[in-house]
Amino acid sequence: MFDTKKKLKYAVIKWAMSTQRVFRTHISNPTNYIVKCVETGCPAKVHGHVPKYNIQWVVTNVVPSNCVRKNLLVRHPNLTSTLIAQLMYTEMVEKKNMEAKHIQTAVKVRWNYN
Ligand SMILES: [Zn+2]
């Protein structure tokens with residue numbers, strides 16, 4: 001269960017990054033969030049929703065990947081600049097003149113992606 005959709009999305013992306021898989025958003029609205037693996041024929045998906053009379057997001061269906069990755073991902077399409085900005089917001093505000101190179105290094109160290 002997740003307090004917000006943002007937290008649910010972050011959990012899904014962390015899972016995608018740790019398993020070297022890429023998810024595409026299938027449905028994203030105020031009560032439903034469904035992502036699927038980008039690989040054709042792979043059943044992997046995550047379905048989260050806000051049940052009636054509820055305020056928290058509940059994940060009701062998680063199907064793991066069965067697709068084979070041909071080579072290691074060095075960049076991850078789900079790790080967007082928006083997500084990085086959200087995750088590193090406090091640091092960026094505190095350090096004021098943080099250079100792009102520092103952010104790139106921090107991303108590489110923490111998530112192992114370029
Ligand atoms: Zn897959």
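Predicted model: local features only at pLDDT ≥ 70, side-chain atom pairs only at ≥ 80, totals over all residues.
**Ground rules.** I number residues from 1 along each chain as its sequence is written, and I use heavy atoms for side-chain values, with hydrogens and water left out.

**Zinc site.** I looked up the donors (N, O and S atoms within 2.8 Å of the metal, or 3.2 Å for Na, K and Ca; water is not among the atoms, so sites may look incomplete), and found the zinc ion coordinated by the SG atoms of C37, C42 and C67 at 2.2 to 2.3 Å. Along the chain these donors follow the spacing C-x4-C-x24-C. C37 lies in strand β2 (residues 32–37) and C67 in the loop between β4 (58–63) and α2 (81–87), so the pair ties together parts that are 30 residues apart in sequence. Helices (H or I, at least four residues) and strands (E, at least two) are DSSP runs, numbered from the N terminus. I noted that C37 and C67 are both buried, where buried means under 20% relative accessible area, exposed over 50%, and partly exposed in between, with a 1.4 Å probe and protein chains only.

**Helix α4.** I then checked which residues of α4 are buried, and recorded A106, V107 and W111. Seen down the axis of α4, the buried residues fall within an arc of 100° (taken from the directions from the helix axis to the C-beta atoms), so they line one face of the helix. These buried residues pack against α1 (5–18) and α2, with contact meaning heavy atoms within 4.5 Å. The face turned away from the buried side carries the exposed residues K101 and V109. After α4 comes N112, whose phi is positive, near 60°.
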